[in-house]
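Hello,

Here is the structure we spoke about, with the sequence. My notes on it follow below.

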Amino acid sequence: MPVYKPTPIPASEITPRPLFNDRRRFMQIAAGASLAALLPPSVWAADNKLAGVKNPAYTVPEELTPYKDVTSYNNFYEFGTGKDDPAKNAGGLKTRPWTVTVEGEVKKPQVFDLDTLMKMAAIEERIYRLRCVEAWSMVVPWLGFSLAELIKQVQPTGKAKFVEFISLNDASQMPGQQTSVLAWPYREGLRIDEAMHPLTLLTFGLYGELLPNQNGAPVRVVVPWKYGFKSAKSIVGIRFTEQQPVTSWMLAGPSEYGFYSNVNPTVDHARWSQAKERRIGEFFRRKTLMFNGYEQEVAALYTGMDLKANF
Ligand code: MTE
């Protein structure tokens, strides 16, 4: 059965962080200074910049994970199961032209061209924690806008209870799809109120540039209070349904990967504890926060629910 292995990160994979460990520079970020000053010039020489207005409502009081780690330590099984496989194998992914088909229980089903989608609302920069089910985490400056902006446009019907996300299915571009490590295409899902929550980000970029392919170009979701696998990459379809969707990870390991998958330090994974996590680039493990630190914002979505049963 395809499963995540909770392997510790070898020291060789942990990048030193001369740039971001500098406290003064970090304070500059906190004070709102341009990220550009902190990034390697190569990032800014490229023509794949993406501007986003910082939204101070969405930040965390922790250091950013270096760009190099965010873009070289990835899970994207369509390009292999190793952490460095996506960066090695995703270079050829054709991300234009690209469309996202929005269908199902909506009054206005539509096929959105990527450029149209990106202009639907103002792109913001939001600094979110991303906590992987494997017990490592990152802090990333994402670029995008609330998925709710798109949902409002397509007008869900009264029957729309869930939202399914479907990633690209093309084995000719995605070598990992020649194996059956997961049921392809990669599918994920949210309850509609989770999808409408302002934190749920339709994401086009990170660190001031368009998403690198290994991070899910050209469009993905980021759901920061849930384990990282809920944040589907390289999305081509969004479907509104009455029934709870069956996700690729639920098919792969029903006792290990639930539909909700809210970050919860008190509910262990079937094979390991979720109480602590290793922030990529740090040596000591830190305590995992309830709902990944977004408890104030999202706890009300789960009032009265047994979070152990609904893992
Ligand atoms: N989306 C697709 N299509 N395929 C995947 O394998 N992996 C998930 C998620 N989205 C995955 C995916 C997992 S397990 C994690 S932790 C995050 O992507 C990692 O996102 P990042 O590489 O940008 O940090």
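Two strands are said to pair if DSSP finds at least two bridges between them. This is a predicted model, and in it strand E2 (residues 99-104) and strand E11 (residues 235-241) pair in the parallel sense, over four bridges. Within that pair, Val102 stands opposite Ile238 in E11.

The sheet

E2 and E11 belong to an open sheet of five strands, in the order E3-E2-E11-E6-E7 and with mixed pairing. At its edges stand strand E3 (110-113) and strand E7 (187-191); each has a single partner strand, so one side of each is left without a neighbour in the sheet. On average, neighbouring strands of this sheet are turned by 15° against each other, direction ignored. Helix H6 (residues 147-154) lies across E2, E3, strand E6 (162-167) and E11. The helix runs at about 140° to E3.

The cavities

Rolling a probe the size of a water molecule over the atoms shows where empty space is left. What lines the largest cavity? Its lining is made up of 24 residues, which divide into 15 nonpolar, six polar and three charged. Asn75, Phe76, Arg220, Gly228 and Lys233 lie nearest the centre of this cavity. Strand E5 (residues 136-146) gives the most to the lining, with three residues.

Two single residues

Is Ser261 buried or exposed? Its relative accessibility is 4%, and because the cut-off for buried is under 20%, Ser261 counts as buried. The residue lies in the loop between helix H8 (248-252) and strand E12 (276-279). Leaving out residues up to four places away in sequence, Ser261 touches Lys226, Tyr227, Phe229, Lys230 and Phe311.

Ala87 is placed in helix H4 (residues 85-89). With 34% relative accessibility, Ala87 counts as partly exposed, because that class covers values between the 20% limit for buried and the 50% limit for exposed. Again not counting residues up to four places away in sequence, Ala87 touches Thr71, Ser72 and Gln214. As for Thr71, 16 residues separate it from Ala87 in sequence, and the C-alpha to C-alpha distance between the two is 6.9 Å.

Regards

Methods: Residues are numbered from 1 along each chain as its sequence is written. This is a predicted model: local features need pLDDT of at least 70, side-chain atom pairs count only at pLDDT 80 or more; totals for chains, interfaces and linings use all residues. Side-chain values use heavy atoms; hydrogens and water are left out. On a 1 Å grid over the protein atoms alone, a cavity is a set of points where a 1.4 Å probe fits but cannot get out, and a pocket is an open set with protein on both sides within 12 Å along at least five of seven lines; lining residues have an atom within 4 Å of a point. Helices (H or I, at least four residues) and strands (E, at least two) are DSSP runs, numbered from the N terminus. Ala, Val, Leu, Ile, Met, Phe, Trp, Tyr, Cys and Pro count as nonpolar, Asp, Glu, Lys and Arg as charged, and the others, Gly among them, as polar. Buried means under 20% relative accessible area, exposed over 50%, partly exposed in between (1.4 Å probe, protein chains only). Contact means heavy atoms within 4.5 Å. Axes are lines fitted to C-alpha atoms, for helices over the stretch in contact, and angles run from 0 to 180 degrees between N-to-C directions.
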